[in-house]
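Hi,

Here is the structure I promised to pass on.

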Amino acid sequence: MAVIALAGCSGAPGVTTSALALLLSWPLAPGRRLVLAECDPDGGAVLHGLLQGTLGDRYGLRNLSVAARQGDLGDAFWRQLIDLSGEDGAQDAPRDRLLLPGLSDSSQAASLEPVWKALGVIFRGIDAEHGHDVLIDLGRTGAFGACGVLAEQADAVLVVVRNTLRCLQAAQGRVRALLERVGDVGLVVIGEGPYPAGEVQRVLQVPVVASLPYTPKDARVLSDGAEQPRHFTRSPLMKAARTSGTLLMQHAALRRARLDPAGRHGAGHGVNRAW
């Protein structure tokens, strides 16, 4: 059980696509759930990407600023979640892979500045009280502004990078800034370029925790709602995402045990909602 934040860097798109692949492939034991919260202050991509605008703007992070002012943030959070666990709205879907869609416009981010810390409390409560996992998509800039508090409160922070020279150069400054803010970070490498994991680690001075293949055709299913090919769930991208989910959980558990050996972190946050 963990709260894991994913961050990106300039010139290295792929955080949301990676997060969606993880959401749909995450190894879940019976009774466990995963929530993916799209907290990119530059705006979300899933409602008009993977979901192709079919739900309009009825759901999403932007609705929580009003709820917070009305003292209804806890309940409102659950009402904004979309179930991605089943196909075509099947009634028997397990509701174990849930999405909080992001902002529809970056101009909405200012209204959420008082909300980020409270969201962090909710995420910790989901983990501590229900034993479920939370993925936070911080996009390219979210780990460094007001919503960077979500990175500070996470069990682990992973920077998504592509192993090209351009992307690795762009990642150096972001990784250093994150190290100063949260203490330590790991990497999720998208294998587009020629540099092996060992070279990526040497350049960025942080460990590679997991890797995903660079498969544009499969990625477009998640990023743009492209037609899903046969056996998509068994594609290299989704198989690697399942393995990566296990590695990310192990990484988060080790970091939590190191920083909080008594297991006090996350206790007593009080998320008053039954699943």
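Below is what I found, from the whole chain down to single residues.

Some housekeeping first: this is a predicted model, so read everything as computed; local features need pLDDT of at least 70, side-chain atom pairs count only at pLDDT 80 or more, and totals for chains, interfaces and linings use all residues. Residues are numbered from 1 along each chain as its sequence is written, and side-chain values use heavy atoms, with hydrogens and water left out.

On the overall fold, the chain has nine helices and eight strands (DSSP runs numbered from the N terminus: helices are H or I with at least four residues, strands E with at least two). Its radius of gyration is 17 Å, close to the 19 Å that the globule rule gives for 275 residues, so the chain is as compact as a globular protein of that length. That radius is taken over C-alpha atoms, and the rule is 2.2 Å times the number of residues to the power 0.38. Along the principal axes, the C-alpha atoms fill a box of roughly 50 × 45 × 40 Å.

Of the 275 residues, 52% count as buried (under 20% relative accessible area; exposed is over 50%, partly exposed in between, with a 1.4 Å probe and protein chains only). The accessible surface is about 12300 Å², and 49% of that belongs to carbon and sulfur atoms (Shrake-Rupley method, 1.4 Å probe; for residues, only the protein chains shown count as cover). Among contacts (heavy atoms within 4.5 Å) between residues at least 6 apart in sequence, 74% join residues at least 24 apart.

Now the second largest pocket, which holds about 250 Å³ of space. Of the 16 residues that line it, G14, T17, R162, Y214 and A219 are the closest to its centre. On a 1 Å grid over the protein atoms alone, a pocket is an open set of points where a 1.4 Å probe fits, with protein on both sides within 12 Å along at least five of seven lines, and lining residues have an atom within 4 Å of a point. Grid points are joined across faces, edges and corners, and the volume is the space filled by probe spheres set on the points.

Which elements build that lining? α1 (15-25), β8 (208-213) and α8 (216-224) each supply at least two residues, and α8 gives the most, with five. The lining divides into eight nonpolar, five polar and three charged residues (Ala, Val, Leu, Ile, Met, Phe, Trp, Tyr, Cys and Pro are nonpolar; Asp, Glu, Lys and Arg charged; the others, Gly among them, polar). Back to α1: ten of its eleven residues are buried, so this helix is largely enclosed by the rest of the structure.

Q52, in the loop between β2 (34-38) and α2 (63-69), has a positive phi of about 55° although it is not a glycine. H231, in the loop between α8 and α9 (236-259), has a positive phi of about 60° and is not a glycine either. Q52 is partly exposed at 47% relative accessibility, and H231 is partly exposed at 44%.

Finally, two helix residues. R181 sits in α6 (residues 165-182) and is partly exposed, at 30%. Beyond its neighbours within four places in sequence, R181 is in contact with A143, F144, G145, G148, V149 and E152. W78, in α3 (residues 73-79), is buried at 9% relative accessibility.

Cheers
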